[in-house]
Amino acid sequence: MSGWRAWLRALALGVAALGAGPAAAGKAPAAKVEIKHFAFAPEVLTVTAGTRVVWTNRDDEPHIVVSAGNRFASSKAMDTDETYATVFDRPGTYAYFCSIHPHMVGTVIVR
């Protein structure tokens, strides 16, 4: 990534964190999804608004978490034991999948 692109990305992340409230400061409740045996566990996760969901790749193959409908940002390719997290601030049903292995699907339900 070029220097100016990295700077713009860091600026955007900083501005997003400023507007995100307590969740951005690490005060959001957390929930976990493990990626193992080419599946998301749990496949369906129900959380309250403001929860930070953390995916951890336990497989020996890379995985990429992608929102169906672009409702949250995609992860980078995660190698073994790498994580990706996002905060779900609004109620709704968020379907997602692995873009490398599209048969892997999951859902986060936010109440």
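**Chatting through a sheet, some rings and an annotated site**

Q: Okay, I'm starting with G92. Which residue in strand 8 is its bridge partner?
A: The partner of G92 in strand 8 is V110. Keep in mind that this is a predicted model.

Q: How do strand 7 and strand 8 pair up, parallel or antiparallel?
A: Antiparallel, over 6 bridges, with strand 8 covering residues 105-110. The two strands form a hairpin.

Q: How many residues sit between them in that hairpin?
A: There are 6 residues between strand 7 and strand 8.

Q: And what about strand 3 and strand 8, parallel or antiparallel?
A: That one is parallel, over 4 bridges.

Q: What actually holds paired strands together?
A: Strands of a sheet pair through backbone hydrogen bonds, and they can run parallel or antiparallel.

Q: New topic: rings. How many aromatic pairs does the structure hold?
A: It holds 7 aromatic pairs. One of them is W55 with Y96: the ring centres are 5.2 Å apart and the planes are at 85 degrees, so this pair counts as edge-to-face.

Q: Where in the chain are those two?
A: W55 is in strand 4 (residues 51-57) and Y96 is in strand 7 (residues 92-98). They are 41 residues apart, so to speak a link between distant parts of the chain.

Q: Is W55 buried or exposed?
A: W55 is buried, at a relative accessible area of 0%. Y96 is buried too, at 2%.

Q: What kind of pair do F72 and F88 form?
A: Edge-to-face, with 5.3 Å from centre to centre and 75 degrees between the planes. F72 is in the loop between strand 5 (65-67) and strand 6 (83-88), while F88 is in strand 6, 16 residues apart. Both F72 and F88 are buried.

Q: Which residues do the ring pairs link into a cluster?
A: F40, W55, F72, Y84, F88, Y94 and Y96.

Q: What lies over the face of Y94?
A: R71 does, at 4.1 Å from the ring centre.

Q: Changing topic again. Which residues does the UniProt "binding site" annotation cover?
A: According to the unreviewed UniProt entry, H63, C98 and H101. They span 39 residues in sequence, but no two of their C-alpha atoms are more than 7.4 Å apart, so they gather at one spot.

Q: Where is H63, and is it buried or exposed?
A: H63 is in the loop between strand 4 and strand 5. At 0% relative accessibility, H63 counts as buried.

Q: What does H63 touch, leaving out residues up to four places away in sequence?
A: Its contacts include I35, F38, N57, C98, H101 and M104.

Q: And what about C98, where is that?
A: C98 is in strand 7, and it is buried with a relative accessible area of 0%. Beyond its neighbours within four places in sequence, C98 is in contact with F40, H63, I64 and M104.

Q: Now the backbone. Is the peptide bond from A41 to P42 cis or trans?
A: It's cis, with omega near 5 degrees. P42 is in the loop between strand 2 (39-41) and strand 3.

Q: What is the phi of H37?
A: It's positive, about 55 degrees, although H37 is not a glycine. H37 is in the loop between strand 1 (30-36) and strand 2, and it counts as exposed at 71% relative accessibility.

Q: And what about the phi of N70?
A: N70 has a positive phi of about 55 degrees as well, and N70 is not a glycine. You'll find N70 in the loop between strand 5 and strand 6. At 68% relative accessibility, N70 counts as exposed.

Note on methods: Residues numbered from 1 in each chain as written. Predicted model: local features only at pLDDT ≥ 70, side-chain atom pairs only at ≥ 80, totals over all residues. Heavy atoms only, no water. Phe/Tyr/Trp six-rings, centres within 6.5 Å; stacked < 30°, edge-to-face > 60°. Buried < 20%, exposed > 50% of the residue type's maximum accessible area, 1.4 Å probe, protein only. Lys NZ or Arg CZ within 6 Å of the ring centre and 35° of its normal. Pairing = 2+ DSSP bridges. UniProt positions renumbered as here; feature names shortened; annotations may be inferred. Contact = heavy atoms within 4.5 Å.
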